[in-house]
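This briefing goes through one structure by topic, for use alongside the sequence and the coordinates.

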Amino acid sequence: MLTLNSVSKSFGTPGEINYRLVLDNLSFHMEKGESIAILGPSGSGKTSLLNIIGSLDFPDAGELLFRDKNLRTYSNSELENFRNKEIGFVFQQHHLLPQCTLLENVLLPSLLVKDKDEKLAILNRAEELLKRMGIWEHRDKIPGKMSGGECQRAALVRAIINKPSLLLADEPSGALDKKNAGNIADLLNELNESDGLSILLVTHSQDLAERMGKIYQLIDGKLEPDTAS
Amino acid sequence: MNPLQFIKRNLLYFRKKNLSLALGIAISTAVITGSLIVGDSVRHSLESIVGQRLGKITHVIKFGDRFFSSSLSDSLSADLNIPSSTALMTSGVAVNDGGAIRIGNIQILGVDQNFDAMAGLKYFYSSLSGDEVILSQDLAERLNAKPGDRLLFRISRTSLIPLNAPFVSDKGNIVSAGLKVVGIAGTKELGRFNLKNSQSAALNAFVSYEELCGLMDFEGKANLIFLAAPEIRIPEIQASLKKNWSLEDAGMKLKLSADNKEINLTSDRVFIDDIAAEALLKTKGLEYPVLTYFVNSISSGKYKTPYSFVSSYPFSDLKDKEIIINRWLADDLHARPGDSLQMQYFVVGPLRELKVEEKSFVIKSITEQKGYFGDQSLMPDLPGLSDAGNCRDWETGIPIKLDEIRDKDEEYWKKFRGTPKAFVSIETAKNLWANRFGSYTSFRFSGDSSDFKDVSREILAGLDPLKQGLTIGNNRIEAENAAKNGVDFSQLFAGLSFFLLLGGIILSILLFLLNLDSRKDQILDLSSLGIPLKKIKRMLLAEGMMVALAGSVTGIFLAVLYNRLIFAALNTIWSDIVRTDVMLVDIRVESLLLGFLISILLAWASINLPLGRFLKKQFLTLKQGKTVNRSGSGANIALAVSVIAGLSGMGMIAGEILNKGNGGESLFFAAGGLILFSGLSLFYYYLKYTQRASGQAFNLPQLSWSYIFRNPSRSLSIVILFALGSFLVVSTGSNRKNLFSNSASKSSGTGGFLFYAESTLPFLHNLNDSSVRYEMGLSQDYQFLQFPLSAGDDASCLNLNKISNPAILGVDPSELEGCFSFESKTSLLNESNPWASLDTSYKEGIIPGIADETVIKWGLGLKDGDTLVYKNSAGADLKVILIGGLSPSIFQGRVLISKKNFLHAFPEHSGSSVFLINGVMEDSGFIKAETKAAMRDYGWDISLSAARLAEFNSVTNTYLSIFMVLGALGLLLGTVGLGIVLFRSILERRKEIAIMKAVGIPGIMIRKLIVSEFMILLRIGIGIGFVSAIIATFPSLAGKTGVSVLLIFIMFVALLLVGRALTYLFARNALKEESIYKELTTE
């Protein structure tokens, strides 16, 4: 489903002190339905890798194939559509809109949908997912009135509302306590196992990483399977 | 590290942000201080003009249309030990280049040797002699004249006898004189001499006093005394005047009667006015008063005697119809006692209209021509009549039928001159011949020539010069007050710049908040380090105030620049509102300090209040995770305010419509303002209180609204900004006067009259009289309305000085029926025919007056129902109550009273100086050319009424232009503010925007979302402003002022389009950043 061929990414100007090569000729492949965790120290380039996969950023060199199509060849609108339909994002912070209710936040990706039936279907899915996440009764509350864990669950629902093929999660439990972190890990596992959702997450957390099917370490700009797990 | 170092670091590190804040504050400072400087400069200019037009003159003694002896000035000077000068002033027209250049409205001044002292000169005016003239610089420039040129002057004769008094010839009321220019008087030479409070330069021609007296055909008479004594008080001058006042000063003289047994008091004015008569009747030693009149004919049966004097007879009880005739007349008429006589005589109307009256008498007795009956001195001194050698040489103000004069009449004249031929009782004489100039022609006192001194003393004891129309004014103080209290340009420009100021303040607040926003985390960090909130606030306030200080100091310099710009505009494109070329910049330290202090205070408010709110919000969010408080007492107050303001506004309009009230434009404007306020309060209530429907149909507009609700204060500030901006632009646009619209309508400011004209020299006759027109060479195709005009200041918008006594115009109410429109009315104004109300008079002699509402309100600083106090000819108070205000009209600057009341108050006033002409536009060229030719010697200044109105309206329009320009600058600042709000908003939402991008919402849609949010606010703001401006200016829009509805519509659409374009531009630029996704990441 997802293939990275010799992807490199650097920041700063070569030869200067601020120059950093974060991804170095990196290659990687992921099949549909896999759940993969990428571990690595701070500044190792985990988030950069996730952003490149999510088409929020572009590599300096190499190619990224999604279902055998090179993302470089996509126009801006195709990329937006790709993000909207194929990719779901979850971040360390929930980034819910503070003025919108939980339900509205969840429906945010459906802003593009104009068809009434489709809208209704999304609304039904939102209900189903929110119920599944145990926050349906809070749907009309604004984020300021919710706990961090509840908000992160809502962010997860927002990420998968459009039935993406791949969920990209950047430290999804990083801002949560242990219990809520565990809950998020359970939910991710459930989504992977029951819905066949492909998940690629980057984390510091060994516990969370171990809940995924595969673990990679990002070291010196290259991904290496975690032999320890 | 101490707080000061911390602040210093912040100032340096955030220098760009601080610089922009300083700039915002500098703009506010420049606007405030600049306005103060403009006010100071205009005031200073007007005060400078006082010195330029009065020289060293402090007090002026005037005698209206009368004359005192020139020696009075010397007597006062010697008595009070102060410098004085006497002058004879009249008006005239100057002609150069053989008539090619003709300038009217010139002050002709006959000045004595002492006038140099008044000007602070040594040998300038005193060098004038013979046929020499010194021209003021402005006049010389207009005439294109230089020293050595000879000019022709047409000078209004200042006659000792009122020009319209019965039997006074109107021949020679204009004197022609060829004068040689010997000098040009600039500002330093008192060339701008003017007793009127006006900043415009007067046109002056100075000749020697003796020369002007000679031209006027009298000597030793003057109508002005100038004093140069700042320390002297008016009571001292009054006392000295009374002490030095002589019969000659009062225009009276004593001579013996024909039989040398009585002393006869006569007046230069022929008829002795009622005020003097009242005093004379009480004088010790008075025998009796006399009234002698010139009658057209006396007839009995088939016999008729032409042109005779008839006098009152005091020594018998003659009844109303009884008459005594002398032997000569009895013989001529073959009449005997008991026979009846018919007497025909003229009475003279205001414009010398002659009406023949007739009275029948029965002869009581026939008397010999001796004693009183043979007294030639009963005949008054009538120039042209009493001094004529024979009857055929008579030059009187009435037509003399020479063919009726017989040889025997000539013989009588040669032998007995004007010895009266008939005698009636004094009551009958007064009933028949008393007129506005007086009821007596002489007073007889007992005594002979040795008693002259005593009689004179007795008379003067009762004759108070101050009751004869003589006035003493401290012109210097009055002029300085008029200048000081004139149009306050400080307030005016502060008001006109209000929106600019508001823009500057809002901009400062927004820039400061933007600065705080970018340092939000740092502030929270400080708090987490245990630094108390109060301390953080104090440090941030101190930092802000240091920036404000720098901004205010910069603003002071910018203020000078702002002032220069305004003055450059006032001297060029906005010169309509100042009408002078001597506007001087006056920068006063106290104004700079005041501007600086106000700016610092405003800056403190602009920094401290938002800072408090910001910190409160941040720490509340940090502690409780709260974002928006949608309800609360603030919302309820907003709702209450909205309802009260809205209902008040609508109530005012309803009341105005139902009761046909008189509030007019100002009431609608107030109602519009209230509705604007109500709309804004209602919007605030909506933001704060109304819960947005959530959920099911989540779409783009809903998301936009969610952002609007998220920060009510910010949303409201945008709405306020654009509501005020559009209110200002639309209301000023609606109030602009279409300079020539509806000018033919009777209800317009022209009254439907085609031409408005003024003459420098009063025209004594009725221009609608066919014989007068024939004589003047005027065709019969158009009609004149003629108005007498009193001396007084111009209170129109063209004069910047504070005027308390505008010139009075006497109007015939019946002639103006249905003309012009009233903007405000008092209960004293007749609803169906407002002009008719002018013919009434109220208790205590108060008379009604009408003026332009703008003159009442702005020129005089009064309101309808207030009273103006003038001095009438007798020096008594003349109280004029303002009973109504006209919509802007061609009468601007004058107070209108009825002609009847005018002539009662100023009986000696002769002729008309203001004219309205009825006619059709097609004939305008012909009428203008014909009247200009016919009236050229009168200093005829004619213009289309519409053009005159347009000149006044152009002043209003200039003010509106200034308001619009400064308002537009304010709107520009507001737009910059909008950009900052938008930028702040995007800055605040970077993560949200990033998440939208992450979930695949296209950039164009995000931009659409932001544009849509701001456009909602813009539309609401512009909508509220537009609707309330339409209400505020409804009278202008519904009336016939020619406001283009299309223009208003275009302004509305333009505001929306410009707003949309700017919002789009700001949003596009703010969303340009590609790496916004980094906001979401942890690395």
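In strand E4 of chain A, the residue opposite A:Asn5 is A:Glu63. The model is a predicted one. The notes begin with the sheet around that pair and then turn to chain B.

**The sheet of chain A**

- Strand E1 (residues 2-11) and strand E4 (residues 61-66) of chain A are antiparallel partners, joined by five bridges.
- A:Leu4 also has a residue opposite it in E4(A), namely A:Leu64.
- These strands belong to an open sheet of four, ordered E2-E1-E4-E5 in chain A, with antiparallel pairing.
- Strand E2 (20-30) and strand E5 (69-70) of chain A are the edge strands; each has a single partner strand, so one side of each has no neighbour in the sheet.
- E4(A) pairs with E5(A) in the antiparallel sense over two bridges.
- A:Phe66 has A:Lys69 in E5(A) as its bridge partner.
- Two residues separate E4(A) from E5(A) in a hairpin, and A:Arg67 in the turn has a positive phi of about 50°.
- Helix H1 (residues 46-53) of chain A lies across E1, E2 and E4 of chain A, and runs at about 125° to E1(A).

**A sheet in chain B**

- Chain B holds an open sheet of four strands in the order E11-E12-E20-E13, with antiparallel pairing.
- Its edge strands are strand E11 (252-256) and strand E13 (286-290) of chain B, each of which pairs on one side only.
- From one strand to the next, the twist averages 25°.
- Within this sheet, strand E12 (residues 262-267) and strand E20 (residues 442-446) of chain B run antiparallel and are joined by five bridges.
- B:Leu265 has B:Phe443 in E20(B) as its bridge partner.

**Chain B overall**

- Chain B contains 31 helices and 31 strands.
- Of its 1083 residues, 50% are buried.
- Among contacts in chain B with a separation of 6 or more, 83% are between residues 24 or more positions apart.

- H2(B) is mostly covered, with 30 of its 40 residues buried.
- After H2(B) comes B:Gly55, which has a positive phi near 60°.
- The largest nonpolar core has 353 residues, and those touching the most other members are B:Ala94, B:Leu135, B:Ala205, B:Phe206, B:Val719 and B:Ile917.
- H2(B) supplies the largest share of this core, 16 residues.
- Which residues does B:Val719 contact, leaving aside its neighbours within four places in sequence? They are B:Leu680, B:Phe683, B:Leu1017, B:Ile1020, B:Gly1021 and B:Ile1024.

- A:Ser55 is not a glycine, yet has a positive phi of about 60°.
- A:Ser55 sits in the loop between H1 and E4 of chain A.
- Is A:Ser55 buried or exposed? A:Ser55 counts as buried because it has 24 C-beta neighbours inside 10 Å, and the cut-off for burial is 20 or more.
- B:Asn81 is not a glycine either, and has a positive phi of about 60°.
- B:Asn81 is in the loop between helix H3 (71-80) and strand E3 (84-96) of chain B.
- B:Asn81 has 9 other C-beta atoms within 10 Å and is therefore exposed, the cut-off being 12 or fewer.

**Contact between the chains**

- On the chain B side, 30 residues are in contact with 35 residues of chain A.
- Helix H21 (700-710) and helix H28 (990-998) of chain B each supply at least two residues of the side that touches chain A.
- H21(B) gives the most to that side, with six residues.
- By class, the side of chain B that touches chain A consists of 15 nonpolar, ten polar and five charged residues.

Conventions. Residues numbered from 1 in each chain as written. Chains lettered and ligands numbered in written order. Predicted model: local features only at pLDDT ≥ 70, side-chain atom pairs only at ≥ 80, totals over all residues. Contact = placed C-beta atoms within 7 Å. Nonpolar A, V, L, I, M, F, W, Y, C, P; charged D, E, K, R; others polar. Pairing = 2+ DSSP bridges. Axes fitted to C-alpha atoms, helices over the stretch in contact; angles between N-to-C directions. Core = buried A, V, L, I, M, F, W, Y, C linked by C-beta atoms within 7 Å.
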